[in-house]
Amino acid sequence: MGAALALAERGRGRTAPNPNVGCVIVADGRVVGRGWTQAGGRPHAEAMALAEAGAKARGATAYVTLEPCAHQSPRGPACSDLLIESGVARVVAALEDPDVRTAGLGFARLGAAGIAVTRGTRAEEARRSMAGFLTRQALGRPHVTLKLATSLDGCIAMADGSSRWITGAEARAHAHLERSRHEAILVGRGTYEADAPRLDVRLPGLEARSPKRVLLSANLTVPPAPSPSPRHSSESWNIPVASHDGASRGDPSFRWRDGIGAGDEITAADKMIAERGVTADGHASWTIISSPQAIITLPDIDHILVEGGAAVASAFLAADLVDRLILYRAPILIGGGKPALRDIGLTDLADTHQRWTHVDARQLGSDRLEVYERERNEA
C-alpha cells in the first residue's frame with residue numbers, strides 16, 4: 001500500500017475532477033503491475049496497472065488507495081469490472097469512495113464475484129493524499145492550502161514592501177514543488193501589482209505542471225500590468241463575456257473578449273461567468289474572482305494554493321476556507337515589517353474556531369518548514 005500511495009502522489013494536482021489513485025498488483029511476492037490516475041482523470045490507476053500486469057494478474061492481489069469505481073463512463077469501463085475480469089484473487093483498499101456512484105458498490109461487486117476484499121489499510125495516509133477529491137466530495141469546493149513565508153517575528157516583507165528573498169533557495173524550491181501539486185494558485189491584486197508574480201513552476205522537468213492562475217480582486221476590474229514588467233507584456237486576461245445572460249462554455253453564443261485593457265470593468269454577466277472559473281486555454285491566462293467563496297465554482301480544480309498577500313490570507317482564514325497551512329520560517333528578524341496576517345475576525349481567544357494539527361516539519365537549508373492541517377468535525 002505504501003507503494004500505491006507513492007504512485008498516487010504522481011497524479012496529485014493533475015487528475016481533477018477524478019481522484020488521484022495509486023494501484024500496485026502483486027503476484028507470488030513480486031510486483032507485476034503499477035498504475036496511477038493519469039492527467040485529466042483517465043486512465044484510472046487500476047486500468048493502468050492491469051494493462052501492465054496482463055495475464056499475471058490472475059490470482060494476484062491488487063493494492064489500491066481508493067475503492068475501485070463501480071460506474072460506467074464514456075471514457076472507460078468500471079475498475080471493479082476490470083479487476084473481476086482480470087481474475088485477481090484479492091483487493092486491498094485504503095478508503096471507500098464517497099462518490100455516490102460507487103460508495104461501497106465497488107466493494108460489493110468484487111465480493112459478489114468471490115474476490116476477497118480488505119478495507120482501511122493506511123486509510124489516514126490515503127485521506128491526506130486525496131484531500132482535494134475528498135474535500136470536493138464533502139464540502140463542494142477545492143481543498144485550500146495557505147502558504148506563508150515569514151521571518152521569525154512573523155513578517156512577510158519589509159515596511160516598504162520588499163520581500164525578495166525572505167527564505168533561501170531550498171525553501172523556494174520546495175514552494176515550487178508545492179505549486180506543481182495544485183491545479184490552481186491564487187494571489188491578491190496587491191501582490192500582483194507589487195510583485196509581478198509569474199506563479200509558475202521552475203523546477204527542471206516539472207515546468208509543464210505550472211498551475212492555473214487566479215486573481216482575487218474585489219472590484220472585478222483588470223489590474224494594470226506592473227511596471228516595468230516584461231513578463232506580463234504578452235498575458236491575456238481573456239475575460240469571458242456572453243451575448244445573453246446564462247451563457248456557458250457549451251453555449252454557442254459564448255465567446256471570449258480578448259485584449260482587455262487595464263482598468264476595464266467587468267460586467268454583471270462577466271462576473272457571473274468569471275466566478276465559475278472559466279478561463280481560456282494556455283498558461284498565460286488568468287481567472288478573476290471577487291471573493292474567497294467564489295472558489296466553490298472553479299471547474300476541474302480540487303487543490304488551490306493561496307500565496308498571498310496578507311489581505312488574501314486573512315480573507316481566506318476569516319471565511320473559514322483554509323484546510324492546510326504550510327509555513328516557511330526564515331531565521332531572520334525584521335521588526336516593523338509587514339505582518340503575515342491581518343484581522344481574521346477573532347474577538348475572543350476562547351472562541352477561536354480554527355485549530356491546527358501539526359503533521360510535518362523539516363529543515364530546508366537554513367529555513368524551517370512546518371505543515372499544519374485544519375481540524376474539522378465534518379471531514
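**Pocket and sheet**

By class, 22 nonpolar, 12 polar and 12 charged residues line the largest pocket. Nonpolar covers Ala, Val, Leu, Ile, Met, Phe, Trp, Tyr, Cys and Pro; charged covers Asp, Glu, Lys and Arg; the others, Gly among them, are polar. This is a predicted model, in which local features need pLDDT of at least 70, side-chain atom pairs count only at pLDDT 80 or more, and totals for chains, interfaces and linings use all residues. Residues are numbered from 1 along each chain as its sequence is written, and side-chain values use heavy atoms, without hydrogens and water.

The lining has 46 residues, with T191, D195, E307, G308 and G309 nearest the pocket centre. Elements giving two or more residues to this lining include β6 (143-150), α7 (169-180), β13 (303-308) and α10 (310-318). The pocket holds about 1,200 Å³ of space. A pocket is an open set of points on a 1 Å grid over the protein atoms alone, where a 1.4 Å probe fits, with protein on both sides within 12 Å along at least five of seven lines; lining residues have an atom within 4 Å of a point. The volume is the space filled by probe spheres set on the points, which are joined across faces, edges and corners.

Now the sheet. Its 8 strands form an open sheet in the order β12-β9-β8-β13-β6-β14-β17-β16, with mixed pairing. Strands (E, at least two residues) and helices (H or I, at least four) are DSSP runs, numbered from the N terminus. Pairing requires at least two DSSP bridges between two strands. β12 (286-289) and β16 (356-364) are the edges; each has a single partner strand, so one side of each lacks a neighbour in the sheet. β6 and β13 run parallel, joined by 4 bridges.
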